[in-house]
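Here's a quick briefing to read with the model open beside you.

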Amino acid sequence: MDENRETPALGRRALIARIGWGAFAASIAGSLAAGVRYMFPKALDEPPSKFKAPPPDTYGVGSVYAVEENKSFILRDAGGVFAMSAVCTHLGCTVKHMDAKGEFHCPCHGSVFDKDGTNIAGPAPRPLPRLDANVARDGRLEVDTQVEAAKDYRVPVDAGRG
Amino acid sequence: MSAHSLMESLRCSAIYRSIVRRGPADNDIDRSLAITSNVFLHLHPVKIRRHALRFTYTFGLGGITTLLFLILCVTGVLLMFYYVPSPERAYRSMQDLRYVVPYGTFLRNLHHWAAHAMIVTAALHMARVFYTGAFKGTRQFNWVVGVILFVLTLGFSFTGYLLPWDQLAFWAITVGTNMAAAVPLLGGMIRYALLGGNIVGANALLRFYVLHCAVLPALVFVFLAVHFWRVRKDGGISGPPLPAEVPEEGPPERLFATTPGRSYALVALPREAPAAVEESRKSPEDTVLTYPHLLVREAAAAMVVIGGLLLVALFLNAHLEEAANALKTPDPAKAPWYFLGLQEVVSWSTPFIGGVLVPGLMVLALLAIPYVRPNSVGVGVWFHPARRRAVIAFTIGLVLNVLLIVVGMFFRGHGWSLVWPWSN
Ligand code: HEM
Ligand code: FES
């Protein structure tokens, strides 16, 4: 310790200066944080994630029904009806159904998905997700584009009847 | 009164003199003052090395890029008088510009082609700086500032691209923001902040508009100021090393010491000593007065660029596709040409590799160039033989970029499949 020193390590002036700087830094940091948070709105005016489509038994076996507004397909195979996203898992373009081959092609970077949505060519890393679907009270099919369903999920065609 | 004598009497008027505080620039003192006493011109030094005047050294590329940026600011502000950044009205503003606003097409064309040209000239400017070793020595950091300016320019294009709200715009931004989402950990947040939500919609359009018309111009102006300031502080633009300094036994009495490496030695001249001017002309730097030598060259280049741009804007219309349709991706959906190389890479790889890693590494590599092997070999000489390997490496990168762009432009057809250009 320095014997000659008359003031303690943290003198009154230094302490006040420190509090001052601290308060200044805190207020700047707080404002910056507020500014960042400001860029993330809490409520959005975006279309709802759920939509309704005709009842399950209206689709012919093997048919592909495109719901453009909701970027989805509704398909029916031997096991039942299921909904599938039309948003390419690569970078989000909307895939097109190629009637001839039954495949789905993405125009942006050439990904190809087979009739179940499995990625078979191009850069897409994952299959087209299957979407959660249920039969609503009115008998129509209700699909939620935000909820992914299991790979083999299907709505039985006679569901909701009787 | 002839036009000439009218000009003369104007020049003698008290008002003119109050603005321009010097005599007619018919002597070197007033020519120096023409530069130093003008707020715009004093970006330039009073004298520059004769070497710096050579058109084939710089091809005027930095200056032309600056001019294009200024043209973009003027035409951009004019477009803002009609453009409304909302999904309902954006595309309609573009149609209004085309069909009802007098010279609307012309102005949009000017902005459009100047934007494309600016990307080209900025890239060529960067290549010039590389090939002449102009980023070495004191100029390391100015290369970094240049890379930042280039990235900002691409940011201008990316944000400007969305504004017409046509199909091209909509899908380019859909893909671009999904690439941003591939950033590890923060990706989703970045995308949300860019779009102001989860979809390319009203919030996204407004955000891109504000970035394009306020944030990016402000940033570019700041970095341009730094860029120019550094050019001055680094001793003017680069050139080959000066010939050996004046020998010790050279003329002993000089009015001004010559300071090699600085091109602004001559800032003020005592009126009685015109000899000093002659003296410094013979300095090892071999300098000439900026006014008129550099200024007339700049004016000539500006006239050619402006003339060419006007011609293009008169005869070539900027594209406008169908209005944005979130339900239908056009086939093929192509990014603007300067991003086609990236689109090509993305089409072979995951969004992370093609959209984040490759572009990120490219920018990092550019930033690192002046620091990997700091030396002053070959400054001021195009393709200096001692830099063979560096020149070859940079050229490979450049050629690869151009090749990918060419493939994307001409060899990609429906569903992004490889096609021959003539089979479409
Ligand atoms: C202060 C400067 C600028 C302002 C105020 C401005 C403003 C605007 C406005 C209002 C539009 C929408 C109208 C239109 O699309 O033509 C636009 C479009 C655009 N801007 Fe800018 N801009 C500026 C600078 C730049 C720069 C430096 C670049 C790129 C190097 C650029 C690239 C673009 C592009 C690519 C478009 C789309 C043009 C099209 O195809 O129509 N802008 N800008
Ligand atoms: S977005 Fe579909 S392949 Fe890239």
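In this predicted model, the centres of domain 1 and domain 2 of chain A sit 58 Å apart, taken over C-alpha atoms. Domain 1 of chain A covers residues 1-40, and domain 2 of chain A covers 50-159, going by the domain assignment.

- Six strands of chain A make up an open sheet, in the order β1-β10-β9-β4-β3-β2, and the pairing is antiparallel.
- At the edges you'll find β1 and β2 (64-67) of chain A, each of which pairs on one side only.
- On average, neighbouring strands of this sheet are turned by 30 degrees against each other, direction ignored.
- Strand β4 (residues 80-85) of chain A and β9(A) run antiparallel and are joined by two bridges.
- As a reminder, strands of a sheet pair through backbone hydrogen bonds, either parallel or antiparallel.

**The iron site in chain B**

- Which residues are the protein donors of the iron atom of ligand 1? They are His111(B) and His212(B), each using its NE2 atom and lying 2.1 Å from the iron.
- His111(B) belongs to helix α7 (residues 104-131) of chain B and His212(B) to helix α11 (residues 202-233) of chain B, so this pair ties together parts that are 101 residues apart in sequence.
- Are His111(B) and His212(B) buried or exposed? Both His111(B) and His212(B) are buried.

**Salt bridges in chain A**

- Searching the whole structure turns up seven salt bridges over all chains.
- One of them pairs Asp138(A) with Lys52(A), with the closest N and O atoms 3.3 Å apart.
- That pair links distant parts of the chain, 86 residues apart: Asp138(A) is in the loop between β9 (130-135) and β10 (141-148) of chain A, while Lys52(A) is in strand β1 (residues 50-53) of chain A.
- Asp138(A) is partly exposed, at a relative accessible area of 43%, and Lys52(A) is also partly exposed, at 36%.

**Salt bridges in chain B**

- Asp286(B) forms a salt bridge with Arg50(B), and their closest N and O atoms are 3.2 Å apart.
- Here again distant parts of the chain are linked, 236 residues apart: Asp286(B) is in the loop between α12 (274-281) and β2 (287-289) of chain B, and Arg50(B) is in the loop between β1 (47-49) and α4 (55-58) of chain B.
- Asp286(B) is partly exposed, with a relative accessible area of 32%, and Arg50(B) is partly exposed as well, at 43%.
- Asp28(B) forms a salt bridge with Arg31(B), the closest N and O atoms being 2.8 Å apart.
- Both Asp28(B) and Arg31(B) are in helix α3 (residues 28-36) of chain B, three residues apart, or about one turn of the helix.
- Asp28(B) counts as buried at 13% relative accessibility, whereas Arg31(B), at 22%, counts as partly exposed.

Technical notes. Residues are numbered from 1 along each chain as its sequence is written. Chains are lettered from A and ligands numbered from 1 in the order in which they are written. This is a predicted model: local features need pLDDT of at least 70, side-chain atom pairs count only at pLDDT 80 or more; totals for chains, interfaces and linings use all residues. Side-chain values use heavy atoms; hydrogens and water are left out. Donors are N, O and S atoms within 2.8 Å of the metal (3.2 Å for Na, K and Ca); water is not among the atoms, so sites may look incomplete. Helices (H or I, at least four residues) and strands (E, at least two) are DSSP runs, numbered from the N terminus. Buried means under 20% relative accessible area, exposed over 50%, partly exposed in between (1.4 Å probe, protein chains only). A salt bridge is a side-chain nitrogen of Lys or Arg within 4 Å of a carboxyl oxygen of Asp or Glu. Two strands pair if DSSP finds at least two bridges between them. Axes are lines fitted to C-alpha atoms, for helices over the stretch in contact, and angles run from 0 to 180 degrees between N-to-C directions. Domain bounds come from an automatic or database domain assignment.
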